[in-house]
Amino acid sequence: NALKDIERLDDLVENMLIATKIENKSYTFPKEEFDFSDLVERIAERLQGHTCSTQTIRTEVEPGLYLTGDRFALTSVVTNLIENAVKYSPPCAEVVVNLSRNGNTICLEVADHGIGITDDEKLRIFDKFYRVGSEDTRKTKGTGLGLYIVRQVLNNHQAHIKVKNNKPSGSIFEVTFNTHGS
């Protein structure tokens, strides 16, 4: 448990650092080509260790999908999306992480069966420090920086993010990267 808490704190500190650097424009987003499939699998595997012993994070990852981008910043994006999905889901509810290519587009989807996000809140969740729900209804720990970082990093990668409703409950975060045929 202590190790899990240390990893969670590590993620929290990474978020604070990257948010501060993005804010004061000192972050340069160094880009390289890397295996995004491998990155997504490894993050899901690490976060699985924080959750139930039953299957909670299910990955459907097309192997060998390469992106040119900032590996550190995109690690933060994937970590934040999966952590949120787990955090806002009932215990042991399945979170599905799907990564696939469609023509020149690489699409990452993180789907949960959690509390869902109202249409009104969908417009605000990417704001700095905004958190879903009210202080009374919120049982989860967090800084409200995760999705702010996600949007800033994706903007820098000319990638797009959409939030859709999952059926019968929950949310789907869909990120699309244009690879220009590379």
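In which loop is Pro-168 found? Pro-168 sits in the loop between strand 6 and strand 7, and the views below show this site and others in a predicted model.

**Figure 1. Overall view of the predicted protein chain.** The protein chain holds five helices and seven strands. Read from the N terminus, the order of these elements is α-β-α-β-β-α-β-β-α-α-β-β. The radius of gyration is 16 Å, close to the 16 Å that the globule rule gives for 182 residues, so the protein chain is as compact as a globular protein of that length. Along the principal axes, the C-alpha atoms occupy a box of roughly 45 × 35 × 35 Å. Of the contacts with a separation of 6 or more, 72% join residues 24 or more positions apart.

**Figure 2. Surface and charge of the protein chain.** The accessible surface amounts to about 9,800 Å², and carbon and sulfur atoms contribute 53% of it. Buried residues account for 45% of the 182 residues. There are 22 positive and 26 negative side chains. The centres of these two sets are 4 Å apart.

**Figure 3. Confidence along the protein chain.** The average pLDDT is 87, and 91% of the residues reach at least 70. Confidence is highest in strand 5 (residues 105-111), with a mean of 98. The lowest mean, 78, belongs to helix 1 (residues 2-23). Where pLDDT is low, predicted coordinates should not be read in detail.

**Figure 4. Helix 5 and its cover.** Helix 5 spans residues 146-156. Its buried residues are Gly-146, Leu-147, Tyr-148, Ile-149, Val-150, Val-153 and Leu-154. The elements that cover these buried residues include two other helices, helix 1 and helix 3 (71-87). Strand 6 (160-165) and strand 7 (171-178) are also among the covering elements.

**Figure 5. Leu-17 and Ile-149.** Leu-17 belongs to helix 1, whereas Ile-149 is one of the buried residues of helix 5. The two residues are 132 positions apart along the chain, and their C-alpha atoms are separated by 10 Å. Leu-17 counts as partly exposed because its relative accessibility, 48%, falls between the 20% and 50% cut-offs.

**Figure 6. Gln-158 after helix 5.** Gln-158 follows helix 5 and is placed in the loop between helix 5 and strand 6. Its phi is near 50°, a positive value in a residue other than glycine. Gln-158 has a relative accessible area of 58%, which is over 50%, so Gln-158 is exposed.

**Figure 7. Phe-129 in the loop between helix 4 and helix 5.** Helix 4 covers residues 119-122, and Phe-129 lies in the loop between this helix and helix 5. Phe-129 is not a glycine, yet its phi is positive, at about 70°. The relative accessible area of Phe-129 is 53%, over the 50% cut-off, and Phe-129 is therefore exposed.

**Figure 8. The cis peptide bond at Pro-168.** The peptide bond that runs from Lys-167 to Pro-168 is cis. Its omega is near -5°. Pro-168 is part of the loop between strand 6 and strand 7. Both of these strands are among the elements that cover the buried residues of helix 5.

Methods. Residues are numbered from 1 along each chain as its sequence is written. This is a predicted model: local features need pLDDT of at least 70, side-chain atom pairs count only at pLDDT 80 or more; totals for chains, interfaces and linings use all residues. Side-chain values use heavy atoms; hydrogens and water are left out. Helices (H or I, at least four residues) and strands (E, at least two) are DSSP runs, numbered from the N terminus. The radius of gyration is taken over C-alpha atoms; the globule rule is 2.2 Å times the number of residues to the power 0.38. Buried means under 20% relative accessible area, exposed over 50%, partly exposed in between (1.4 Å probe, protein chains only). Contact means heavy atoms within 4.5 Å. Accessible areas come from the Shrake-Rupley method with a 1.4 Å probe; for residues, only the protein chains shown count as cover. Lys and Arg count as positive and Asp and Glu as negative; His and the chain ends are not counted. The place of a charge is taken as NZ of Lys, CZ of Arg, CG of Asp or CD of Glu. pLDDT is the predictor's confidence in each residue, from 0 to 100.
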